Amino acid sequence: MNEYSEYKCWMQERKAAIPNTIALCLATLCADQDCVFAMDELRSGLSRFAPLAKAAAGKLTFLGTIAHLNAEHGLDLPAQKPEGFVIRVTDVMVIIAGQDKAGLLYGVHRFLMLLAQDKITVGIEAADAPSVPIRMINHWDNCDGTVERGYAGRSLFFDKDRFDYDPQRIIDYARLLSSIGINRLSINNVNVRAAAKLLITEEYLPELAKLAALFRPFNIRLAISINFAAPYLLGELATADPLDPAVAAWWCERTNLIYRYVPDLAGFVVKADSEYEPGPFQYGRGHAEGANMLAAALKPHGGQVWWRCFVYNCTQDWRNTKIDRARAAFDHFKPLDGQFADNVFLQIKHGPYDFQVSEPVSPLFGALSETRCLMEVQITQEYTGHQIDLCFLPWIWTKILHFDTGYGEHSRIEELMGTRIQGLVAVGNVGLDRNWTGHTLAQANLYGFGRLAWNPSLCAAEIAEEWAHLSFGREAAAEIAGILLASYPTYQKYNAPFGVCFMVEPKLHYGPNVEGYEFSRWGTYHRADRQAIGIDRTECGTGYTAQYAPQVAAIFADPALCPEEFLLFFHRVRYDFVMKNGKTLLQNIYDTHFEGCDEVQVFLKRWLALKGSIAESVYESVKARMEKQLENARQWRDVINTYFYRHTGIADQSGRKIYD
Ligand code: GCU
């Protein structure tokens, strides 16, 4: 590894020479006329390596679309799916060919990434295409420059209620995103408040157009979050009722105006009737009526609606044991299956709650059979340590993708990707911090999201190793990947036990507060008493398990079969319940919290041992975060263990220190 730069993420400079035969080909680049951008990207990517040898007669690199290269040069490159590519390397030629222009760009980036990992050799033929058409980042940026749930500095796009950005930084961001296949990006918070309501007015649209132009060459189409009540909030109509023809006409006109500025806008993200955001319910209308009205306005422009399913009662009474927030998305949207226009996509959080550390996969993915949807995950670490604690999220995403919904054949989530599930969308984790993500190792989460959206069958270890190699070089890669891969299970251990969820400081969502959401109007209770903890979600309880396919429900509903990481999510369990390892639930709570904390200590030791083999700047910044994480893990351990000790009066069998 040479000069390391946190800013360059997985696109580091490397002085290593490219193998000679390949370097000779790369010295002469030829591209179809309309593929000049991809050629420039390749050229600038190659400048990160040692200078190339002089051109040699008869050796060259071709870039173009598959159809064009086959026709012009008599090649036999196999056709790919949209946005796919082929890389072929012979001893006289390097060919990077895209099914389309986007595919070519992705081919160029993959070529560069493989080259950086010394994986480009003569004879290689690699073909690949994305699993889903929509691979999107949602920014939760506010126009005042703050970022909701942002832990990496202020907004890349806004400040003081204006667009305000460094164009070079935007280009660098776009390049990072396109290198991992991201092709959609919504720029503003789903809670569309204050000046953000004006993004769809001519006061802001010319600036939106300029921003879109920076992303466009990278095959990234912008999207915006809109406020459902805009016609009313902008003072133009007395209502936002989706069935009022004046409202529908207003949206058509407004959408036409937006597309005059941004002709390739990808569409609208909508948070409606959710956490006090306005929506069709206010007018006695349903989600399908609301979404379809917007879809009709977008349709002529090729735009799409991403309608979020994060709809639940956030004014509930903890005394009422029948209301179950986990049921909400299914209860609202399953009955509407088949009623949405074909350019509406239901955007469903991966779990029934809200990006919790251990929650099952939402039953909606399996249950919807006539509606297109997207799965939403969070790269920003709202509940997973605020980019202070290390938490490698691809570890959990791969488990989510492997979940078998149990509906029909090929029913695992990864198998539904590209059919019913048309995309993966993530709340972004970048901000103006020099290293983009606050914690430098959190760059791996952004990288991993893109790679999994492209190919949901990748495993977490592959992603960790690839990222660590690209970012820190071969030598340190295995050790860093090892730490990353252990980090999620460790975080799970010192967090809320066995699927409880939400034992966090309210609003902030960092650090333990066992009863923080216990008597709250937002819901999500564990109801711990002296004997037991957890919610019975079987038929005898809230009935949530019945939202899954019968064979899946049967597993979750049986405490003996239910995966233990979700035990308390699905069941109310006595502390003396004996778990699979022969120990009681209570002893397992104590053990996991001691272990989780000890494991953070081990991460820190492993990191300290890397001194000298990675750049000092990243070594120091990660060390500081790990020290803070250790404090945090200790706090979790002691607060949780003390809470249960005080409730039960039962001591730890190993006699470790629990405060009373
Ligand atoms: C969570 C998060 C909010 C966010 C919401 C959403 O509740 O804490 O900040 O607005 O999710 O996804 O809409």
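A pocket is an open set of grid points where a 1.4 Å probe fits, with protein on both sides within 12 Å along at least five of seven lines. The exercises below apply this to a predicted model.

**Exercise 1. Size and lining**

Find how much space lies in the largest pocket, and which residues line it closest to its centre.

*Solution.* Start with the volume: the largest pocket holds about 460 Å³ of space. Next, take the lining. It has 25 residues, and Glu 148, Arg 149, Glu 275, His 509 and Trp 522 are the closest to the pocket centre. Then sort the lining by class: 10 residues are nonpolar, 4 polar and 11 charged.

**Exercise 2. The ligand and its shell**

Identify the pocket that the ligand takes up, then describe the residues around the ligand.

*Solution.* Around the ligand stand 13 residues; Glu 148, Lys 271, Arg 308, Lys 349 and Glu 382 come nearest. By class, this shell has 3 nonpolar, 2 polar and 8 charged residues.

**Exercise 3. Polar contacts and cover**

Then state how much of the ligand the protein covers.

*Solution.* Take the side chains in turn.

- Arg 149: a side-chain N or O atom lies 2.9 Å from a ligand oxygen.
- Asn 191: a polar side-chain atom is 2.9 Å from a ligand oxygen.
- Asp 354: a side-chain N or O atom sits 3.0 Å from a ligand oxygen.

Finally, the cover: on its own the ligand has 320 Å² of accessible area, and the protein covers 96% of that.

Conventions:
Residues are numbered from 1 along each chain as its sequence is written. This is a predicted model: local features need pLDDT of at least 70, side-chain atom pairs count only at pLDDT 80 or more; totals for chains, interfaces and linings use all residues. Side-chain values use heavy atoms; hydrogens and water are left out. A residue is near a molecule or strand if one of its heavy atoms lies within 4 Å of it. A polar contact is a pair of N or O atoms within 3.5 Å; within protein, one must be able to donate a hydrogen and the other to accept it, and residues adjacent in sequence count only if both atoms are side-chain atoms. Accessible areas come from the Shrake-Rupley method with a 1.4 Å probe; for residues, only the protein chains shown count as cover. On a 1 Å grid over the protein atoms alone, a cavity is a set of points where a 1.4 Å probe fits but cannot get out, and a pocket is an open set with protein on both sides within 12 Å along at least five of seven lines; lining residues have an atom within 4 Å of a point. A molecule sits in a cavity or pocket if more than half of its atoms lie within 2 Å of its grid points. Ala, Val, Leu, Ile, Met, Phe, Trp, Tyr, Cys and Pro count as nonpolar, Asp, Glu, Lys and Arg as charged, and the others, Gly among them, as polar. Grid points are joined across faces, edges and corners, and a volume is the space filled by probe spheres set on the points.
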